[in-house]
Amino acid sequence: MNFVTILFYFFEAVAALAALSLVLVRNVFYGALILVVCLLSLAAIYVLAFAEFVAVTQILIYAGGILVVIIFGVMLTAKIAGKPLVVKHTNVWGGTLACVALFTLLLYFLSSQKFFEDGKDKMQAADTAINTIGFGLMTEFVLPFEVAGILLLAALIGAAVIASSIKSRNV
Amino acid sequence: MVPVYHFLWLGAFLFCAGLMVIITKRNAIMVLLGIELMLNASNLNLVAFNQLHPAHLSGQMFALFVIIVAVCEAAVGLAIVLRVYQHYQTSVPDEVTDLKD
Amino acid sequence: MPETQTHYTTFFEVCLLLVVLLPLVSFVVSGRIPQRYSWVVTFTAPLFLLISAIGAIYIFTAVWHHQPYIARVNWFTIGGTLVSAGVYLNDIAALMLLVVTFISFLVHLYSTGYMAGDAGLTRYFAMLGFFTFSMLGIVLADSLLLMFVFWELVGFSSYMLIGHWTEKDEAAAAAKKAFLLNRIGDAGFLVGLMLIWAYTGTFDIVQLSDINEVFSWQTAASLCLFAGVIGKSAQFPLLTWLPDAMEGPTPVSALIHAATMVAAGVFLLARVYFLFTPAALDVIAGIGILTALMAALSALVQFDIKKILAYSTISQLGLMVAAIGAGAPAAAILHLFTHAFFKAGLFLGAGIIIHVLHQAQQQAHEHFNVQDIRNLGGLRKKLPFTFCAFVICGCALAGIPFFSGFLSKDAILTAITHWKGDGFSWKWIVLASAFIVSFLTVIYTFRMIWTVFMGEEKRTASLPVVEPPVIMRGPVAILAVCSVWLLVDINPVNFEGWLFNTLHADGNFHIGIISIVSALWVILAVSVAYFMFRSKTIHDDLLLNNFYLDKLYFKIVENPSWRLAVFTDYFDRRWIDGFIHASAYAQVTVSHLVGWFDRAIVDGTVNGIASLSRGVGNFTRSFQGGKIQSYILWAILAIIIFLIWILF
Amino acid sequence: MHHYYISLLIFIPLLAAVAGLFVPAGAAKYFRYSTLFVNLLQCMVLIAMVMEYIPAQGMQLVERKDWITLNIGTWGILKAEYFVGIDGLSLPLVALSVFVLLIATISSWTINKNVKGYFILLLILNAAIIGSFTALDFLLFYLFFEFMLLPMFFLIAIWGGARREYASIKFFLYTLLGSIFILIVMIGLYISVHDPNYSGQLVHSFSVLNMADASNFISHTILDPNNAWTIGPMNARLWAFLLLFIGFAIKLPMVPVHTWLPDAHVEAPTPVSVILAALLLKIGGYGLARIAFPIFPEAAIHFSTFIGIMGVISIIYGGLNAMASKDLKRLIAYSSVSHMGFVLLGFASLTPEGVAGSVYQMFSHGIISAMLFLLVGVLYDRTHDRTIVNYSGLSSKMKSYTALVLVGFFASMGLPAFSGFIAEIMIFLGAFKANSVNGLLHESLAIIATLGLILGAAYYLWTLQRMFFGPYDLKGNIAHDSIYDLTDREYLMLVPLAIAVLFFGIFPQPMINIIDPFAQNFSEFVLRAGKSLTLNP
């Protein structure tokens with residue numbers, strides 16, 4: 001057990017706990033913050049798994065982008081209602097049952113299936129990961145990359161249109 | 001090094017937690033949060049499996065595209081949530097029952 | 001019968017038709033005359049009857065001592081057998097025809113005075129006419145069935161006339177009683193008719209008389225006919241109606257309940273005498289003499305003058321019936337004939353007393369029961385004519401020599417003496433009883449006349465009593481004249497005169513010793529009565545109430561049948577209807593059960609299936625609740641199930 | 001030669017009823033006069049029919065048309081006909097019906113409630129009654145029989161007195177029960193009888209005349225006289241007769257199935273009571289003579305003592321009950337029970353006298369009971385009270401009424417010169433003679449039945465004494481000014497009846513000429529046919 005392993009376990013635990021508290025928490029704003037915690041710990045895990053690019057993207061886009069947008073959304077809806085956005089739970093027992101059952105199933109399969117030969121289940125660091133990714137993006141994955149870009153653009157414009165049309169309609 | 005099963009267990013847990021959030025929370029934003037969590041759970045798996053074969057990039061690439069799609073989804077989703085909120089004065093998805101039979 | 005056809009002319013037949021139909025015409029005319037012209041009736045009705053009576057005299061002379069006149073028309077067929085309606089006019093019938101029309105005429109005449117001013121005058125004369133017609137029907141009928149028809153019709157007219165004063169409760173009750181008791185007798189008569197029909201196949205009297213051999217059940221048949229007589233002639237045990245019938249107007253009592261209708265029984269017995277077997281005749285003699293004795297005893301103690309006469313009538317009828325039983329219809333008819341006159345005379349005389357006292361009462365505004373002899377006395381001074389007539393008729397009733405009653409009673413006593421035979425038997429008791437009856441007759445007649453006419457005036461002293469108009473006195477006078485011996489024969493001690501000898505072909509029936517004994521017996525009775533009962537009145541509840549027969553009948557017949565009626569009513573409501581209701585309730589209960597089964601089980605199943613499918617529908621519909629999260633939940637669950645199903 | 005007299009009698013009222021449907025309900029006068037017109041028309045047809053009638057000829061003026069012919073494969077052919085005719089049994093009853101219905105129409109003049117419905121129902125009832133008395137096809141008879149029930153039910157239930165629902169339902173249930181029994185037998189007969197006119201094929205016939213011939217029964221069917229089935233302790237034919245007997249006895253009515261009658265009478269309006277007593281009761285007797293006796297002669301002989309005893313029980317029981325009745329109408333209803341007992345006794349004797357007497361009794365009781373119920377109606381119209389003890393001394397205020405009551409009462413108690421006497425004497429003679437002629441009834445039955453005469457006198461005279469004689473007095477809530485004598489309309493309906501009662505009592509021969517051939521044939525046929533059939537128990 002080295003330091004890296006301890007870190008790994010730590011972040012694993014943080015992510016799991018954050019996810020659990022997200023389930024339990026009732027304030028949307030807190031939920032968003034908890035999610036940030038969870039995403040950041042995931043990013044840490046990515047780092048520990050030698051996927052630095054993904055980790056960076058995770059932090060930038062998720063923690064920096066999506067979460068900000070979400071928090072804005074929370075604030076906007078909470079502002080209109082004029083009170084802290086506290087949610088109620090529904091389908092508690094059904095949801096619990098389904099999720100626990102699913103989780104049990106997943107665990108069962110994960111433990112019963114052997115995905116790897118013995119000893120090959122360890123992560124290895126790639127040498128030039130970021131380089132490779134960069135090349136990959138520009139070569140092999142260039143078409144999906146561009147399409148993703150266009151998608152992103154379209155989504156953002158669409159989002160802006162949807163959100164803004166409220167005002168034009170209201171005025 | 002950390003065994004890959006840990007990733008898978010964590011991924012499974014996060015997925016289930018996200019699912020739980022989606023199912024139980026009576027708020028659209030929370031549902032979006034749950035979705036994000038589930039997407040992340042899948043990302044975690046993609047990354048984990050990719051790292052078993054460092055020579056390949058497909059897993060990481062997929063994870064990246066997932067993140068992109070998540071962005072789109074979050075943006076459009078939030079826009080819709082706002083719009084719905086404006087229209088129905090609620091962000092509780094159950095109360096928007098215009099599609100009910 | 002060839003002689004029949006030659007002897008009787010068309011004029012005779014027209015006369016007969018007139019005699020029979022004029023009373024009916026009188027009935028119709030009287031019934032149709034409006035109330036305000038009711039005085040017309042008092043002329044028309046006696047006029048019709050006068051013509052009828054004159055016709056009857058002619059017919060009597062034509063028929064008397066000749067072959068019977070027979071004429072018939074087809075009436076109707078019963079099961080292929082023709083029943084004819086016709087006339088069979090023999091000597092007895094001719095005699096009765098005469099008596100009926102003659103007395104009826106007198107009573108009509110008398111009634112114009114007696115009933116003057118009565119509200120129901122037209123009805124009274126109508127029914128009187130109808131009665132006369134029905135009575136003539138009995139007299140002339142050639143078949144037992146036709147006789148039964150008129151037999152019932154005289155009962156009906158008697159009912160109407162007894163109940164003439166409808167507002168009197170007693171009159172209505174008496175009328176009902178008379179008809180009912182008659183009806184009981186008639187039921188017996190009807191059974192007799194059935195027996196005769198079943199065993200001989202004919203009702204015709206002539207045909208029946210031609211049957212020589214005894215048919216089966218003949219005794220029963222003749223006794224059943226006698227039951228009719230018991231009802232009509234007020235014999236034991238149905239004698240109680242006649243005293244009550246005195247509630248009717250007095251002329252009615254004279255005509256119907258003394259002279260004619262009650263005598264119809266005796267007439268019937270004489271008419272169909274050939275039907276009676278010796279056994280039946282013995283029964284008839286026994287009942288007749290028993291009735292005579294009972295009624296004579298009851299007559300001794302009555303206070304109502306009309307009731308005395310009524311009991312006396314019953315007693316005399318009993319004697320006549322006994323005479324028939326003793327095998328002497330001729331003697332019975334002779335007594336019937338004489339009795340009709342003197343008893344009608346007595347009744348009309350009593351009617352005069354009642355009438356004039358009533359009128360006097362109305363003038364003096366005094367009220368007491370004028371029929372109660374205890375209130376009367378000494379009327380001979382105020383009503384000398386009535387007194388004379390009453391005494392003459394009374395002597396006839398008592399059987400004093402030189403009066404008609406003596407002769408006819410003599411005939412009966414002779415008949416019983418002949419009948420009793422030589423050896424000692426129960427028939428001696430009959431003879432002894434007959435003598436006792438004639439003794440008692442003298443006593444009660446004496447008591448009645450003495451109390452009413454002799455002695456001091458009692459409550460009538462202050463009343464302005466005057467003799468009634470001549471229209472009322474005339475009939476009484478005629479009847480009194482007809483009560484002397486000359487009616488029967490020139491010889492005042494031998495009853496075998498023109499009348500008896502015609503009826504009785506044997507001849508040499510008379511026994512001189514009986515006349516002498518009878519005369520002495522009567523004189524003894526008069527002296528006993530004079531010395532013992534002149535001033536005394538006997539009071540005896542048993543006899544006054546006629547041996548409590550009424551109470552007995554009430555106890556053993558009327559009350560039980562009333563209870564039975566009430567019981568049947570109860571049975572109907574409680575049990576038959578109860579059963580119907582119970583079954584209805586049972587049906588309703590079953591229906592409820594079935595209904596419950598329908599609702600709970602049959603409908604329940606259907607509804608259950610429906611609600612199951614609705615539940616399923618709602619359940620599946622709940623997936624389409626527009627709740628995204630639910631959709632997801634179910635999708636997840638489905639996936640889990642799918643996974644489990646696929647992977648295990 | 002075609003005659004349509006009977007069809008005219010049946011269909012004139014039906015057509016008038018249909019025509020009446022199209023007339024607005026407000027035209028009360030139209031309905032009254034049109035019904036009266038129909039009745040008068042029927043009277044004319046009846047007179048023509050009587051002129052045409054030949055007493056000695058038996059069944060005549062027959063009309064016969066195919067009505068239903070239905071091929072039902074191996075079950076043969078169902079054949080029902082429109083088959084009507086009259087003989088010495090039906091002619092008196094048809095004549096009675098026409099006469100009484102005319103009187104009932106006059107008596108219905110005072111009906112003011114829903115005149116249209118009332119008179120249309122009356123016309124339908126009219127057709128059904130005449131149809132029942134003339135039908136010779138069992139199915140047709142049954143149709144008319146049932147057809148009578150409904151108008152009667154509504155006439156009681158709508159125009160009746162206080163307890164009309166109870167009475168009408170009781171009436172309906174009783175007669176329906178009877179109808180069911182008759183229906184059962186009708187089906188059994190239909191299965192067992194074939195029409196002899198069709199030799200090649202099996203044609204089931206409903207004709208009563210075919211059914212009365214033992215040779216028309218199909219061998220080994222349920223009611224085959226030679227091989228009838230045995231059901232329980234008895235032969236099926238005995239059962240069938242018993243069922244028919246009960247069915248018609250309910251209608252008659254016979255004790256103990258009579259309790260519908262007093263209630264129905266008490267609650268029904270006067271004209272309906274008249275029709276009920278005068279006509280509907282006669283269907284019972286008519287059905288016995290037309291259907292039960294000729295079709296099952298051996299059973300009729302077998303049960304004759306039973307029928308006679310039931311008749312005597314009815315006579316006595318009805319009389320006793322009449323005596324205990326407090327309601328005048330109920331009293332007369334029970335007297336009907338008593339009088340119809342005579343009909344049973346007469347038929348049971350199977351002697352010409354008894355049978356003729358029974359038919360005569362039906363006819364005469366029809367007239368007398370019509371008169372009695374009209375008389376009660378007269379009083380009820382005035383005071384709306386029928387309690388006997390509430391009246392006293394009416395004779396002083398209502399002279400003509402009392403006179404007619406006397407006629408009615410004395411006619412009903414069988415006084416000679418009234419038609420009831422002729423009928424009853426014939427029944428008595430027949431019933432008494434039966435034992436010595438054909439050995440059927442014991443003499444004692446006739447003797448016991450004479451008690452009925454005494455009882456009849458008792459209850460009528462007692463009623464007269466209580467209501468009409470004695471001092472004038474009214475009790476209860478009867479207004480004194482409501483008592484007045486007969487009106488002209490009441491004379492118009494009562495006097496013809498009184499005249500008829502007298503006429504048929506004094507001159508019975510015209511009617512007996514009609515009845516007697518039938519009575520002779522009937523008794524002779526039933527005895528001969530019944531004795532020729534062996535009865536295997």
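What percentage of the 537 residues of chain D count as buried? In this predicted model, the share of chain D residues that count as buried is 61%. The overall dimensions of chain D may be considered alongside this value. Along the principal axes, the C-alpha atoms of chain D fill a box of roughly 75 × 60 × 40 Å. A compact globule of 537 residues would have a radius of gyration near 24 Å, and the 23 Å found for chain D therefore agrees with that expectation.

The secondary structure of chain D consists of 19 helices and seven strands. Contacts within this chain were also examined by separation in sequence. Where the two residues of a contact in chain D are at least 6 apart in sequence, 79% of such contacts join residues at least 24 apart.

The relations between chains were examined next. Four pairs of chains are in contact, and of these, chains A and B share the most contacts. On this interface, 73 residues of chain A are in contact with 60 residues of chain B. Several helices of chain A contribute to the side that touches chain B: α1 (3-24), α2 (28-48), α3 (52-81), α4 (92-112), α5 (129-138) and α6 (142-170) each supply at least two residues. The greatest contribution to this side of chain A comes from α3(A), which gives 15 residues. Sorted by class, the side of chain A that touches chain B comprises 54 nonpolar residues, 15 polar residues and four charged residues.

Chain D, by contrast, has no contact with either of these two chains. The closest C-alpha atoms of chain A and chain D lie 63 Å apart. For chain B and chain D, the corresponding separation of the closest C-alpha atoms is 54 Å.

Within chain A, the domain assignment gives two regions, with domain 1 covering residues 1-111 and domain 2 covering residues 127-166. A distance of 24 Å separates the C-alpha centres of domain 1 and domain 2 of chain A.

In chain B, helix α2 was considered individually. This helix of chain B spans residues 28-52 and has 25 residues. From its first C-alpha to its last, α2 of chain B reaches 37 Å, close to the 36 Å expected at 1.5 Å a residue. Of the 25 residues of α2(B), 21 are buried, where a buried residue has 20 or more other C-beta atoms within 10 Å of its own. Helix α2(B) is therefore largely enclosed by the rest of the structure.

Conventions: Residues are numbered from 1 along each chain as its sequence is written. Chains are lettered from A and ligands numbered from 1 in the order in which they are written. This is a predicted model: local features need pLDDT of at least 70, side-chain atom pairs count only at pLDDT 80 or more; totals for chains, interfaces and linings use all residues. Domain bounds come from an automatic or database domain assignment. Two residues are in contact if their C-beta atoms, placed from the backbone, lie within 7 Å. Helices (H or I, at least four residues) and strands (E, at least two) are DSSP runs, numbered from the N terminus. Ala, Val, Leu, Ile, Met, Phe, Trp, Tyr, Cys and Pro count as nonpolar, Asp, Glu, Lys and Arg as charged, and the others, Gly among them, as polar. The expected span of a helix is 1.5 Å times one less than its number of residues. A residue is buried if 20 or more other C-beta atoms lie within 10 Å of its own, exposed if 12 or fewer, and partly exposed in between; C-beta atoms are placed from the backbone. The radius of gyration is taken over C-alpha atoms; the globule rule is 2.2 Å times the number of residues to the power 0.38.
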